[in-house]
Amino acid sequence: MRLVYLFADEFTNFQEPKIGMAAILLLEKLGYKVVIPKHTDSGRTQLSKGLLKNARQKAIENVSLLKNLVTEQSPLIGLEPSAILSFRDEYPQLVGDALKGDAELLGKNCLLFEEFIANEIDAGNISADSFKTDARDLIVHGHCHQKALAGTASLVKTLSLPANYKVVEVKSGCCGMAGAFGYEQNHFEMAKSIGEMVLFPAVRKTASDTLVVAPGTSCRHHINQNT
């Protein structure tokens, strides 16, 4: 049984734990042993507000805790794109020279949930045989961090694995939330207007039984509250 680590980011852990629980159940059903290692939160909220000293401490703590644990064979899998991708993007620049090499190596083995699944599909370790054959239509909105740093190909590949799932990616830019931006009162109307450009109309046009998929927590909330 292959061991994988799950990063219980602050958004999943405190706001949407059911998503984390579902991810663990799915991985276990597919034959993986899932362990949540000791770690702190990602520092994404501090980074988004320019609190770099605080974010640096989070990065140093996480790299120190995980550098001797996470490997290519036992990667760290994350659910919230902005949180797990911090390991690959900002951490090597934040931790200082002493930990930079460790941070870079760690970042290479930190994967989005869908990146891990897509890699396992390519390796022949996961197949459609493990999934239902029900026909479902899905539309997908990719997270901005994901689009910028990893792309959405693995997301579409993973969702397309069940034999009769039809996946359409919405050609949208930012949903309008931009992390905490759209939650703030003075940005509320602007965030809504950005969502109304492409994303919200695309969601409203779908049938009631279409699954609307968005990896980002703020994207999900924005779509849910406005459509």
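This is a predicted model: local features need pLDDT of at least 70, side-chain atom pairs count only at pLDDT 80 or more; totals for chains, interfaces and linings use all residues.
Visitor: Why is E120 called buried?

Guide: Buried means under 20% relative accessible area. E120 has 6% relative accessibility, so it counts as buried. Its place is in helix α8, residues 113–122.

Visitor: What makes the link between E120 and R2 a polar contact?

Guide: The cut-off for a pair of N or O atoms is 3.5 Å. The side chains of E120 and R2 are joined at 2.8 Å, and that is a polar contact. Leaving aside neighbours within four places in sequence, E120 is also in contact with Y32, N125 and I126.

Visitor: How do you know that the rings of F7 and F87 are edge-to-face?

Guide: Ring centres must lie within 6.5 Å to pair, and planes over 60 degrees apart count as edge-to-face. For F7 and F87 the centres are 5.2 Å apart and the planes stand at 85 degrees, so the pair is edge-to-face. F7 is in strand β1 and F87 in helix α5, 80 residues apart. F7 is buried at 1% relative accessibility. F87 is buried too, with a relative accessible area of 0%.

Visitor: What makes Y32 and F116 an edge-to-face pair?

Guide: The planes are at 75 degrees and the centres 5.3 Å apart, so the pair is edge-to-face.

Visitor: How many aromatic pairs does the whole structure hold?

Guide: The search finds three. Ring pairs also link F7, F87 and Y91 into a cluster.

Visitor: Why are β2 and β4 called edge strands?

Guide: The open sheet has four strands in the order β2-β1-β3-β4, with parallel pairing. β2 and β4 each have a single partner strand, so one side of each is left without a neighbour in the sheet. The twist averages 35 degrees from one strand to the next. Helix α8 lies across β1, β2, β3 and β4, and runs at about 90 degrees to β4.

Visitor: How do you know that β1 and β3 pair?

Guide: Pairing needs at least two bridges. β1 and β3 have three, and the two strands run parallel. Within this pairing, F7 stands opposite G78 in β3.

Visitor: What makes β6 and β7 partners of β5?

Guide: Five bridges join β5 to β6, running parallel. R136 has Y165 in β6 as its bridge partner. Three bridges join β5 to β7, also parallel. There, V140 stands opposite V213.

Visitor: Which residues touch the most other members of the largest nonpolar core?

Guide: V63, L76, I84, F87 and L106 do, in a core of 21 residues. The elements giving two or more residues to this core include β1, α4 and α7. Apart from it lies another core of 16 residues, among them L6, V34, I77 and I117. In soluble globular proteins, nonpolar side chains tend to be buried together.

Visitor: How do you know that I223 is buried?

Guide: The limit is 20%. I223 has a relative accessible area of 6%, so I223 is buried. This residue is found in helix α13. Not counting residues up to four places away in sequence, I223 touches L199, F200, V203, V212 and A214. The C-alpha atoms of I223 and L199 are separated by 8.1 Å, with the residues 24 apart along the chain.

Technical notes. Residues are numbered from 1 along each chain as its sequence is written. Side-chain values use heavy atoms; hydrogens and water are left out. Buried means under 20% relative accessible area, exposed over 50%, partly exposed in between (1.4 Å probe, protein chains only). A polar contact is a pair of N or O atoms within 3.5 Å; within protein, one must be able to donate a hydrogen and the other to accept it, and residues adjacent in sequence count only if both atoms are side-chain atoms. Contact means heavy atoms within 4.5 Å. A nonpolar core is a set of buried Ala, Val, Leu, Ile, Met, Phe, Trp, Tyr and Cys residues joined through side-chain atoms within 4.5 Å. Axes are lines fitted to C-alpha atoms, for helices over the stretch in contact, and angles run from 0 to 180 degrees between N-to-C directions. Rings of Phe, Tyr and Trp (its six-membered ring) pair if their centres lie within 6.5 Å; planes under 30 degrees apart count as stacked, over 60 as edge-to-face and the rest as tilted.
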